[in-house]
Amino acid sequence: MHDYIAHASGADHQVRIFAATTKDLVEQARQYHHTLPVITAALGRLLTAGALMGSMMEGEDASLTLRINCSGPVKGMTVVAKTDGSVKGYAINPFVDLPLNAKGKLDVSGAIDLGVLSVVRDYGLKDPYVGETQIVSGEIAEDLAYFFANSEQTNSSVALGVLVDRDQSVKQAGGFILQLMPNTEERVIAKLEENIGALPPYTTMLEEGMTPEDIIRRVMEGLDTEFYDPIPAAFVCDCSEEKVEKVLLSISRDDLKEILDDGKPVEVACEFCGSKYEISHERLKSLCEAAGLQYS
Ligand SMILES: [Zn+2]
């Protein structure tokens, strides 16, 4: 089963739910970034959230950025997603090694600790919408639910999970985001609370062979549910020499001058996928001149 996002609406469109299986894309991220298990889980949860939230947005050119800046040893993570299910991301420090938490689980909140979660929704028009919230739990799903409630005035339920195998590869990954329209009937809320309260952890359901559709049916049990076409999901990096050059020109002038004075080619690695680009001294010089930056 490849990665995809199932989605449905229910209870007469008062509820919408997106549920994903993201094992392949989280494994891809692990291989790109050589993440240790706790960061495989942390980044995997954020990537899954990104894929879900991106696919919930409208508009072909729309994109979503989730960023965590934090005091814990991971220091921060960035995930960028589009509406077509493509997502990419990285952790500032992928090499965090922490003991398991009191429940015997990977200590994601210990890797994150305190900080800020920001959500940027860019629809390709005017200025992007930027929302920000304090990290309340560091487990990511709770932080996103808090963000939806406080920053976007949307009641939601968020579940995210990554199960790391003994050989450190990704065994299961996925999650769901359920959102309620304003004025959702009490009986619908009560039913959902009952169903979600009885739900095993998300990766346990995947381990039992349940598909995202099965999980949606279980969450929506007792409520009418209408399914839409699933959306394939994948880790996709759209980096290119041109984009890398743009980033290079945006660094501080002192740093640029130093690189130019050095006279050597610059090697730049894409932070999302690790692809390496080499830009020659001559090329950089002409780029600076074209951008109106004078150094000599
Ligand atoms: Zn890349």
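A residue is counted as buried if 20 or more other C-beta atoms lie within 10 Å of its own. In this predicted model, helix 4, which spans residues 141-151, has the buried residues A141, D143, L144, A145, F147 and F148. An α-helix has 3.6 residues a turn, so residues three or four places apart point the same way. Helix 4 is followed by Q153, which has a positive phi, near 50 degrees.

An open sheet is formed by 6 strands in the order 7-6-3-4-5-12, with mixed pairing. Strand 7 and strand 12 (234-235) stand at the edges of the sheet; each has a single partner strand, so one side of each is left without a neighbour in the sheet. Helix 4 packs on this sheet, where it touches strand 6 and strand 7, and its direction makes about 120 degrees with that of strand 7. Elsewhere in the sheet, strand 3 (residues 63-70) pairs with strand 4 (residues 76-82) in the antiparallel sense, over 7 bridges.

When neighbours within four places in sequence are left aside, F176 is in contact with I17, F18, A19, A159, Y202, I215 and V219.

Note on methods. Residues numbered from 1 in each chain as written. Predicted model: local features only at pLDDT ≥ 70, side-chain atom pairs only at ≥ 80, totals over all residues. Buried ≥ 20, exposed ≤ 12 C-beta atoms within 10 Å, placed from the backbone. Helix = DSSP H or I, 4+ residues; strand = E, 2+ residues; numbered from the N terminus. Pairing = 2+ DSSP bridges. Contact = placed C-beta atoms within 7 Å. Axes fitted to C-alpha atoms, helices over the stretch in contact; angles between N-to-C directions.
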